[in-house]
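User: I would like to learn how to read the features of a model step by step. Could you begin with the general idea each time and then turn to the case at hand?

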Amino acid sequence: MSAYPTGVAVVTAMSPDGEPCGLTCSSLISVTLTPPTLLVSMNVHSRTLAATVDAGGFGVNLLPARSRAVAELFSSLTADRFSAVRWAPAGRLRLPRLESDLHGWAECAVDQVVTVGDHALVLGRVVDIAGDPESPLMYGFRGYATWHRDTERTLGA
């Protein structure tokens, strides 16, 4: 699957002690439009998963192309990832939103959690969204890239 390009997001949640937590995620799926539902996959030992389940929600911070360093930070073992980014609590659930590193945002309320092997599939109903027209950060072939929108469109192709 490393050869399959996908967008990059940082999934965030707020722990019971009020500390933000998050991780880089490229396993994000839009499941349904009615109701709008997203699926993210997280390791069962993840602090972010535990906070997501406890809080009953998670934030999806879709990263813009210029935020490769943020994707790398949130995929690292760095303990205090949030000290290196500008963030603020957002939405009804007051989830951590990366204020300076957003291509898009979704606040999701947990509907269901299904454990499959060493990961949990978390289904979340989208309760708030926001977007920015900036090009998204992509990941594939074990590297980062930018998706550039075509300036020309061909009809009938």
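Analyst: Let us start with exposure: a residue is buried under 20% relative accessible area, exposed over 50% and partly exposed in between, with a 1.4 Å probe and protein chains only. By that scale R94, at 47% relative accessibility, counts as partly exposed. The model is a predicted one, in which local features need pLDDT of at least 70 and side-chain atom pairs count only at pLDDT 80 or more, whereas totals for chains, interfaces and linings use all residues. Residues are numbered from 1 along each chain as its sequence is written, and side-chain values use heavy atoms, with hydrogens and water left out.

User: Where is R94 found, and what is its phi near?

Analyst: Most residues other than glycine have a negative phi, and most peptide bonds are trans. R94 has a positive phi, near 55°, and is found in the loop between strand 7 and strand 8; strands (E, at least two residues) and helices (H or I, at least four) are DSSP runs numbered from the N terminus. G91 lies in that loop between strand 7 (87-90) and strand 8 (95-98) as well, and is partly exposed, with a relative accessible area of 27%. F141, in the loop between strand 11 and strand 12 (143-146), is not a glycine either but has a positive phi of about 55°, and F141 is exposed, with a relative accessible area of 66%.

User: Which peptide bond is cis?

Analyst: The bond from T34 to P35 is cis, with omega near -5°, and P35 lies in the loop between strand 4 and strand 5.

User: How should I read the strand order of the open sheet, and which strands stand at the edges?

Analyst: Two strands pair if DSSP finds at least two bridges between them. Here an open sheet of seven strands, with antiparallel pairing, has the order 3-2-6-9-10-5-4. Strand 3 and strand 4 stand at the edges with a single partner strand each, so one side of each is left without a neighbour in the sheet. Within the sheet, the antiparallel strands 9 and 10 are joined by 12 bridges, and V114 stands opposite L121 in strand 10.

User: What makes up the largest nonpolar core?

Analyst: A nonpolar core is a set of buried Ala, Val, Leu, Ile, Met, Phe, Trp, Tyr and Cys residues joined through side-chain atoms within 4.5 Å. The largest one has 15 residues, and V11, V40, M42, F58, V60 and C108 have the most contacts inside it. Strand 2 (9-14), strand 3, strand 5, strand 6, strand 9 and strand 10 each give two or more residues to this core. Another core, of 11 residues, lies apart from it and includes V70, F74, F82 and L98.

User: How many residues line the largest pocket, and which lie nearest its centre?

Analyst: On a 1 Å grid over the protein atoms alone, a pocket is an open set of points where a 1.4 Å probe fits, with protein on both sides within 12 Å along at least five of seven lines, and lining residues have an atom within 4 Å of a point. The largest pocket is lined by 22 residues, with G22, L23, S46, T48 and R81 nearest its centre. Strand 3 gives the most to this lining, with five residues. For the second largest pocket the lining comprises 20 residues, and L28, L38, V60, L62 and H103 lie nearest the centre.
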